[in-house]
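Subject: Structure handover and notes

Hello,

Here is the structure you asked for. My notes on it follow below.

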Amino acid sequence: MVRKNIFEILENKWDSIAEIKRIYKLLYKKSISNPYSTDMTPIAVVNQYCFHNWNNRHTYLTIEDMAKALNIEIYYDSIPSNLSTTMILNYLEFASNIVMLCDTKIFEEGSNFDYYTDYVILDENIEIALEHLNFSKYEINNEERIILIEKNPSAIAVAEIVDEDTACKVIEYNHYLLKGNIDKKKDILLQLANKYEGMKSNIKSLNSKLDDDIGFMLNNVHVRHNNKSGKNKKEYISKMRKDTMEKWYDETYQMLLLAFLLTEQPSRSKKISQLKEKLK
């Protein structure tokens, strides 16, 4: 049997909950120096300098107050040892927003704050944890918040070429809390379908089969029309399980992403043609 080196052994011992506890321990490390040369924890910095004017504070008074409402124990010794995957992601998303507030409202604004190695490690550990879970951070423009989404390169690519409102919907569809929420997914699909209608003729000329498939799905799997009852009822759809319906919604979403990306192809083809000419 081939002997594993110590680094391979450590990699195989990945423990999500242990990593969450390490991250929250770092949130309570005095890793930031304020303008008065006093060392503070990231949580203390946010509470004192950022939380009161954060757009997503709602009516909560402190980080601890908000965490309690979210059923998150932010002191690392109190974090349960049997968290669900959803709760693990909740913890990571919460920690990501604390770091985001420090980065954008403290360090980027040119204040006389500085950070130490533990703050760098905090950010790195969040990224490593997300990598293991196949998730990534996405910052919603002008909303001062980070959400965690399952990695989907196509979604990110589309978000970069469409308008801001459409980009938010494209990204939101991948948020972990939407898994199983077919009503919310349906609502997003309807909004993306409205965007698609404005480019339908273009897509049809580029890929008529894709256009036909998208139209079929939007009209026949309880997205645009009530296909469970009434004049547009489809017997097969009316008896379909919710998890099966969600899979078809996800397929429709992927096709819409493909259609949005396809609109870039004429410009890309033109560049390739120019390259071909240069290589003759």
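Predicted model: local features only at pLDDT ≥ 70, side-chain atom pairs only at ≥ 80, totals over all residues.

In what order do the strands of the open sheet of 3 strands stand, and is the pairing parallel or antiparallel? The order is 2-1-3, and the pairing is antiparallel. Strand 2 (39-40) and strand 3 (114-115) each have a single partner strand and stand at the edges, so one side of each has no neighbour in the sheet. Strand 1, residues 32-33, pairs with strand 3 in the antiparallel sense over 2 bridges. Within that pairing, Ser33 has Asp114 of strand 3 as its bridge partner.

Overall picture

The chain holds 14 helices and 5 strands. Its C-alpha trace spans about 65 × 60 × 60 Å along the principal axes. Of the 280 residues in the chain, 40% are buried. Among contacts with a separation of 6 or more, 59% come from residues 24 or more positions apart.

Helix 2 against helix 6

Helix 2 covers residues 16-27 and helix 6 covers residues 117-133; they pack with their axes 9 Å apart, at an angle of about 155 degrees. An angle over 145 degrees counts as roughly antiparallel, and helix 2 and helix 6 are therefore roughly antiparallel to each other. The crossing of helix 2 past helix 6 is left-handed. On the helix 2 side, the residues in contact are Ser16, Ile23, Leu26 and Leu27. They meet Asp118, Ile121, Leu122, Asn125, Ile126, Ala129 and Leu133 of helix 6. Sorted by class, this contact has 8 nonpolar, 2 polar and 1 charged residues.

Strand 4 (residues 135-140) and strand 5 (residues 145-150) run antiparallel and are joined by 6 bridges. Ser136 is opposite Ile149 of strand 5, and Lys137 is opposite Leu148 of strand 5. The hairpin has 4 residues between its strands, and Asn142 takes a positive phi there, near 65 degrees. Glu144 is also found in the loop between strand 4 and strand 5. Glu144 is not a glycine, yet its phi is positive, at about 50 degrees. With a relative accessible area of 23%, Glu144 is partly exposed.

Ser96

Is Ser96 buried or exposed? Ser96 is buried, because its relative accessible area is 1% and the cut-off for buried is under 20%. Ser96 belongs to helix 5, residues 85-107. Leaving aside residues up to four places away in sequence, Ser96 touches Ile126, Lys137, Ile146 and Leu148.

His58

His58 sits in the loop between helix 3 (42-50) and helix 4 (63-69). Its relative accessibility is 61%, so His58 counts as exposed. The phi of His58 is positive, near 60 degrees, and the residue is not a glycine. For context, most residues other than glycine have a negative phi.

Regards

How values were computed. Residues numbered from 1 in each chain as written. Heavy atoms only, no water. Pairing = 2+ DSSP bridges. Axes fitted to C-alpha atoms, helices over the stretch in contact; angles between N-to-C directions. Parallel < 35°, antiparallel > 145°, perpendicular 65-115°, else oblique. Left-handed = near helix turned anticlockwise from the far one by under 90°. Contact = heavy atoms within 4.5 Å. Nonpolar A, V, L, I, M, F, W, Y, C, P; charged D, E, K, R; others polar. Buried < 20%, exposed > 50% of the residue type's maximum accessible area, 1.4 Å probe, protein only.
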